Amino acid sequence: MYALIIDDSRAMRRILSKIVMPLGLEVVEAENGQDGLDRLEEMEPPEVILVDWNMPVMNGLDFVKTVRADGRYANQKIMMVTTETEPAQMVRALMAGVDEFAMKPFTADVLVEKMKLIGVRLPNPVSSNE
Amino acid sequence: MSVATLTPEAINYVCTTVRARSAIELDVSKSYLIEARLAPVAKDNGFDSINDLIQALRGQRQLKLESQLVEAMTTNETSFFRDQHPFETLRKTLFSEIKTRNAASKSLNIWSAACSTGQEIYSIAMHLREHFADLASWKVQLVGTDLSDDVLKRAAEARFSQIEVNRGLPASMLVKHFQRNGLHWELKPEVRNMARFMKLNLIERWPPLPVMDIVFLRNVLIYFCPETKRAILEKVRRVMAPNAVLFLGAAETTMGLDAGFERVQSDNSVYYRLK
């Protein structure tokens with residue numbers, strides 16, 4: 001079981017990995033939406049995808065639309081983790097098929113709570129972050 | 001401001017004052033909490049340290065400052081839809097049960113005791129709007145109470161930081177029930193106006209309350225000694241309707257304290273029904 005973390009910031013990928021790994025999920029990283037699609041083609045579907053919005057090559061919204069258009073990922077859990085805080089943008093993300101939305105900056109417990117909220121299976125749900 | 005370690009006399013003063021005013025039990029093991037909570041109070045009132053603040057209070061009783069100290073020490077942590085499970089139980093079981101039981105009166109009263117900044121009672125308000133059909137034709141009273149004037153004022157404003165709305169609140173409900181205003185998020189009036197707030201110290205004389213169908217008293221009793229817990233539970237019972245239910249925190253129970261409640265396990269949550 002793994003989480004696919006898609007963010008163009010290496011520092012942010014590292015922060016997210018440090019939150020996710022104690023929960024018992026392995027981590028696969030991607031630098032942008034297209035890179036994320038490539039990782040998905042190579043592997044079994046992840047337990048959850050944490051995806052940024054604003055990235056070069058392919059942004060998070062286009063990534064989500066592409067994934068949702070593919071029947072193999074109809075039940076894929078996707079959470080957007082982004083600096084976008086405009087309600088209209090959040091609605092766009094939800095309409096595109098995002099299950100949940102976390103605004104940066106966030107704390108570890110916010111992310112864990114939201115993953116539980118959308119039913120992400122966590123092998124070790126009580127992490128040291130809680 | 002100096003962060004000198006609190007003197008034993010200062011800790012003792014805080015523990016004694018908080019116990020006298022709120023019945024909440026603190027001891028020396030909570031000195032880290034005392035320092036964290038009182039540093040802003042000392043700073044806001046122009047003291048160089050918490051020890052100076054307490055020395056001033058010990059020298060001459062100043063009720064307003066003393067209240068600030070007690071409120072700072074008794075403010076509860078809260079978040080939207082905290083622990084999730086009680087809200088699932090409301091949706092799956094209790095809302096429909098109450099709709100049947102109160103069909104004649106079409107009234108529903110819910111109390112969030114020690115409501116802090118209001119996230120719990122507003123979560124219930126949003127939940128009702130989403131899952132309680134025919135809500136408009138019912139008389140619904142949602143009451144939040146706390147002993148702190150400061151948090152009650154904030155609760156009534158219904159204005160939350162980004163960090164606060166990030167915690168526990170599904171994004172779909174955020175965009176539906178809130179509007180952004182700069183760095184803050186404000187509850188829309190139709191939700192905000194469903195709740196009202198009043199000052200109530202659980203260990204003092206209570207103001208009149210409606211007869212409650214559901215009471216949330218979560219993560220409050222843990223701070224009290226058994227004798228005070230019994231006294232509070234007895235008073236809570238008196239404001240509950242027949243068959244009304246009480247939600248406590250996960251680490252709390254009425255068992256061994258009050259025989260007037262029956263423990264009910266429902267899905268992943270536990271509540272206590274009035275016998």
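How many residues of chain B are in contact with how many residues of chain A? Nine residues of chain B touch 13 residues of chain A, where contact means that the C-beta atoms, placed from the backbone, lie within 7 Å.

Before we look around, a word on the source. This is a predicted model, in which local features need pLDDT of at least 70 and side-chain atom pairs count only at pLDDT 80 or more, while totals for chains, interfaces and linings use all residues. Residues are numbered from 1 along each chain as its sequence is written, and chains are lettered from A and ligands numbered from 1 in the order in which they are written.

**Where the chains meet**

On the side of chain B that touches chain A, the elements giving two or more residues are α8 (162-166) and α9 (171-177) of chain B. Helices here are DSSP runs of H or I with at least four residues, strands are runs of E with at least two, and both are numbered from the N terminus. The largest share of that side, three residues, comes from α9(B). By class, the side of chain B that touches chain A has three nonpolar, four polar and two charged residues. Nonpolar covers Ala, Val, Leu, Ile, Met, Phe, Trp, Tyr, Cys and Pro; charged covers Asp, Glu, Lys and Arg; the others, Gly among them, are polar.

**Chain A**

Chain A has a mean pLDDT of 93, and 96% of its residues score at least 70; pLDDT is the predictor's confidence in each residue, from 0 to 100. Confidence in chain A is highest in strand β3 (residues 48-51), at 98, and lowest in helix α5 (residues 108-117), at a mean of 90.

Five strands of chain A make an open sheet with parallel pairing, in the order β2-β1-β3-β4-β5; strands pair if DSSP finds at least two bridges between them. At the edges lie β2 (26-30) and β5 (100-103) of chain A, each pairing on one side only. Neighbouring strands are turned by 20° against each other on average, direction ignored. Helix α5(A) packs on this sheet, touching β3, β4 (78-82) and β5 of chain A, and its direction makes about 175° with that of β5(A). Within the sheet, β1 (residues 2-6) of chain A joins β3(A) over four bridges in the parallel sense, and A:Leu4 has A:Ile49 in β3(A) as its bridge partner.

**Two helix pairs**

Two packed helices are described by the angle between their axes and the distance between the axes. Axes are lines fitted to C-alpha atoms, for helices over the stretch in contact, and angles run from 0 to 180 degrees between N-to-C directions.

| Helix pair | Angle | Axis distance |
|---|---|---|
| α3 (60-68) and α4 (87-96) of chain A | roughly 20° | within 9 Å |
| α5 (85-101) and α6 (119-131) of chain B | about 45° | 11 Å |

The angle in chain A makes α3(A) roughly parallel to α4(A), a label for angles under 35 degrees; over 145 is roughly antiparallel, 65 to 115 roughly perpendicular and the rest oblique. Their contact involves A:Leu61, A:Val64, A:Lys65 and A:Arg68 of α3(A) with A:Arg92, A:Ala93 and A:Ala96 of α4(A). By class, that contact has four nonpolar, no polar and three charged residues.

In chain B, α5(B) and α6(B) are oblique to each other. B:Phe87, B:Leu90, B:Arg91 and B:Phe95 of α5(B) meet B:Ser123, B:His127 and B:His131 of α6(B). These residues divide into three nonpolar, three polar and one charged.

How values were computed: Contact = placed C-beta atoms within 7 Å.
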